[in-house]
Amino acid sequence: MAMAKEPEDSPYKRVYIIGSNNNKWKDISTAFAKGFHAKGVVSSPEPKSIRLEDAGEGEIADLMAGNMTIKCDRAIRVGFKPTHPTLLEHIGEALNFFDW
């Protein structure tokens, strides 16, 4: 997608999150936990709360620690129409691409 003109305020107005529904990190974590459990990677299908200090380093730990919702409302307003399975529907299938 390209914007017709430069944003006049925040450069983040150039960013559009593409998806087919709104997802909470807790729901995404739950889907990953169930998928990892089915593959024998973790011992429980339920996500576990841990302290940020124990989550490792890098941006993923910081993002996962946040209480946020991933929304694609702006992209839909400019014409994006999702055609593929949702993120939550796809996680289990996506894990099949890895050797566990």
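This is a chat about how one predicted chain model is put together.

Reader: Before we start, what kind of model is this, and what counts in it?
Author: It's a predicted model, where local features need pLDDT of at least 70, side-chain atom pairs count only at pLDDT 80 or more, and totals for chains, interfaces and linings use all residues. Residues are numbered from 1 along each chain as its sequence is written, and side-chain values use heavy atoms, with hydrogens and water left out.

Reader: What share of the chain is buried?
Author: Buried residues make up 15% of the 100 residues. Buried means under 20% relative accessible area, exposed over 50%, and partly exposed in between (1.4 Å probe, protein chains only).

Reader: Which residues make up the largest nonpolar core?
Author: Trp25, Ile28, Ala31, Ile91 and Leu95, 5 residues in all. Helix α1 (residues 25–38) gives the largest share, 3 residues. A nonpolar core here is a set of buried Ala, Val, Leu, Ile, Met, Phe, Trp, Tyr and Cys residues joined through side-chain atoms within 4.5 Å.

Reader: And what does alanine 31 touch?
Author: Leu88 and Ile91, not counting residues up to four places away in sequence. Contact means heavy atoms within 4.5 Å.

Reader: Switching to helix packing: at what angle do α1 and α4 pack?
Author: About 25°, with the axes of α1 and helix α4 (residues 87–94) 9 Å apart. Axes are lines fitted to C-alpha atoms, for helices over the stretch in contact, and angles run from 0 to 180 degrees between N-to-C directions. So α1 and α4 are roughly parallel to each other; angles under 35 degrees count as roughly parallel, over 145 as roughly antiparallel, 65 to 115 as roughly perpendicular and the rest as oblique.

Reader: Which residues meet there?
Author: Asp27, Ile28, Ala31 and Phe32 in α1 meet Leu87, Leu88 and Ile91 in α4. By class, that contact has 6 nonpolar, no polar and 1 charged residues. Ala, Val, Leu, Ile, Met, Phe, Trp, Tyr, Cys and Pro count as nonpolar, Asp, Glu, Lys and Arg as charged, and the others, Gly among them, as polar.

Reader: What about alanine 33, buried or exposed?
Author: Alanine 33 is buried, at a relative accessible area of 10%. This alanine 33 is in helix α1 and, leaving aside neighbours within four places in sequence, contacts Val42, Ser44, Pro45, Glu46 and Pro47. C-alpha to C-alpha, alanine 33 and proline 47 are 5.4 Å apart.

Reader: And which residues does phenylalanine 36 touch?
Author: Val41, Val42, Leu95 and Trp100, not counting residues up to four places away in sequence. Phenylalanine 36 is partly exposed, with a relative accessible area of 23%.

Conventions: Helix = DSSP H or I, 4+ residues; strand = E, 2+ residues; numbered from the N terminus.
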